[in-house]
Amino acid sequence: MTTLERLRALPFEIRQYLLVTGNYWAFTLTDGALRMLVVLHFHQLGYSPLEIALLFLFYEAFGVVTNFVGGWLGARLGLNRTMNLGLGLQLVALGMLLVPTSALTVPWVMAAQALSGVAKDLNKMSAKSAVKVLVPKDSTNAQGALYRWVAILTGSKNALKGAGFFAGGLLLTLIGFQGAILAMWLMLAVVLGLSLWRLRADLGRTKAKPKFGEIFSTSRAVNVLAAARLCLFASRDIWFVVALPVFLYDQHGWNFWSVGILMAVWVIGYGGVQTQAPRITRYLHGDTRSITVILAVALALLPALLAFTPLATTVTWLVTGLLAFGVLFAINSSWHSYLIVRFARAEGVSMDVGFYYMANAMGRLIGTILSGWVYQAYGLAPCLALSAALVAASAVMAMGLPRQTQ
């Protein structure tokens with residue numbers, strides 16, 4: 001039996017899940033590469049850390065807006081349409097960066113990043129929501145299956161994002177900024193064609209058209225988890241987005257290739273741990289609230305310790321500590337991703353997921369701006385100290401979650 005025949009023999013839901021995952025993978029690869037290209041290319045052109053952070057301002061800000069309304073659009077139009085719309089907008093954003101270097105002004109790049117932010121969060125919201133729609137409802141362990149499916153999708157996505165960081169640094173070195181952008185545009189165009197052809201038309205669309213006012217979640221569990229998620233992702237991006245790559249480039253003399261490899265290894269390893277999170281967290285006993293708090297407290301200790309290490313004289317402890325942070329952060333993130341799909345309403349799941357990832361995007365926005373400003377004004381150690389404080393805040397907020405049996 002050929003590979004194609006094996007795929008055709010799979011249940012329809014599994015084939016749709018694989019298509020959604022593949023779609024998400026391809027998009028994430030270009031998204032990670034684009035971020036690394038923008039950070040390194042514009043730093044090379046003489047942009048300050050704060051100016052580079054501002055290039056991502058619209059990317060993150062429009063991601064907040066997209067998640068706010070994207071879940072509502074997914075429920076009304078179908079998740080296939082919002083996913084394909086995200087791919088199309090990413091093609092437009094990449095096309096905007098193919099202009100001559102002299103035309104790559106700050107407002108132009110910010111506009112392209114704004115479209116990319118909309119595209120990314122439409123794609124992510126659609127993929128995460130589709131999992132709850134497609135997971136087998138008659139499974140003897142439906143919640144376990146849901147956790148595994150979410151972990152595989154999220155973990156594999158982050159591994160591909162890490163590969164994107166690596167690809168971005170490599171492509172910038174080999175074929176330059178515009179050559180890299182063109183290569184990604186061509187790959188994504190093929191993916192969009194396949195998605196338009198094979199993805200089910202009514203995926204995730206509700207029978208009753210939800211009103212716009214229903215965007216706001218009425219679930220206490222979803223609202224508390226969203227607040228905890230905001231702090232969690234701000235704690236990562238405050239050092240990861242701008243501060244770390246610029247610090248390694250400026251203070252320790254790393255080249256683009258080396259920075260790209262480290263960022264790629266971090267995110268690939270982070271994604272790999274996420275896929276194994278169900279195996280890891282099954283050894284934690286207790287309810288959903290206590291597990292969430294314990295995981296956050298463990299994570300907060302690492303950046304707190306790193307903030308007091310001599311970062312300017314040695315890079316070994318920094319890299320080791322941040323790799324360990326990646327392991328614990330991956331478990332926290334995967335656990336949160338499972339909880340939001342678990343707590344989300346069954347009918348119109350995309351609306352709760354969209355609201356939750358709006359908070360996720362807000363956390364990235366706050367972390368990105370702080371990454372450029374705090375690093376430029378005070379250095380990397382204060383970024384790490386603030387990261388610890390934000391994770392601690394996430395733990396405090398998680399104490400408001402319901403006590404459900406895990």
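Me: Where does Ala234 lie?
Reply: This is a predicted model, and we can start with one alanine in it. Counting helices from the N terminus, the place to look for Ala234 is helix 9.

Me: Is Ala234 buried or exposed?
Reply: A residue counts as buried under 20% relative accessible area. Ala234 comes in at 0%, so the call is buried.

Me: How many of the 21 residues of helix 9 are buried?
Reply: Helix 9 covers residues 220-240 and reaches 30 Å from its first C-alpha to its last, close to the 30 Å expected. The helix is largely enclosed by the rest of the structure, because its buried residues number 17.

Me: Why does the end-to-end distance of helix 16 agree with what it should span?
Reply: Helix 16 runs over residues 380-398, which makes 19 residues.

Me: Within what arc do the buried residues of helix 16 fall?
Reply: Among the buried residues of helix 16 are Leu380, Cys383, Leu384, Ser387 and Val391. Looking down the axis of helix 16, you find its buried residues on one face, because they fall within an arc of 165°.

Me: How do helix 13 and helix 16 run relative to each other?
Reply: The axes of helix 13 (residues 288-306) and helix 16 come within 8 Å and cross at roughly 170°. Angles over 145 degrees count as roughly antiparallel. So helix 13 and helix 16 are roughly antiparallel.

Me: Which class has 14 residues in the contact of helix 13 with helix 16?
Reply: On the helix 13 side, the residues that meet helix 16 include Arg289, Thr292, Val293 and Ala296. On the helix 16 side, they include Leu384, Ser387 and Val391. Two residues in this contact are polar and one is charged, while the 14 are nonpolar.

Me: Which residues is Ala296 in contact with, beyond its neighbours within four places in sequence?
Reply: Ala296 has its place in helix 13 and is buried, with a relative accessible area of 3%. Its C-alpha is 8.4 Å from that of Phe329, a residue 33 places away in sequence. Past the neighbours within four places, the contacts of Ala296 are Asn332, Val391 and Ala395.

Me: Is Leu323 buried, partly exposed or exposed?
Reply: Leu323 is in helix 14 (residues 316-343), and it touches Val265 and Trp266 when residues up to four places away in sequence are not counted. Val265 is 58 residues from Leu323 along the chain, yet their C-alpha atoms are separated by 8.7 Å. The relative accessible area of Leu323 is 35%, so the answer is partly exposed.

Me: What percentage of the residues of the chain count as buried?
Reply: The chain has 16 helices and zero strands. Among contacts between residues at least 6 apart in sequence, 87% join residues at least 24 apart. The chain has 406 residues, and the share that count as buried is 57%.

Key:
Residues numbered from 1 in each chain as written. Predicted model: local features only at pLDDT ≥ 70, side-chain atom pairs only at ≥ 80, totals over all residues. Heavy atoms only, no water. Helix = DSSP H or I, 4+ residues; strand = E, 2+ residues; numbered from the N terminus. Expected span 1.5 Å × (residues − 1). Buried < 20%, exposed > 50% of the residue type's maximum accessible area, 1.4 Å probe, protein only. Arc of directions from axis to C-beta. Axes fitted to C-alpha atoms, helices over the stretch in contact; angles between N-to-C directions. Parallel < 35°, antiparallel > 145°, perpendicular 65-115°, else oblique. Contact = heavy atoms within 4.5 Å. Nonpolar A, V, L, I, M, F, W, Y, C, P; charged D, E, K, R; others polar.
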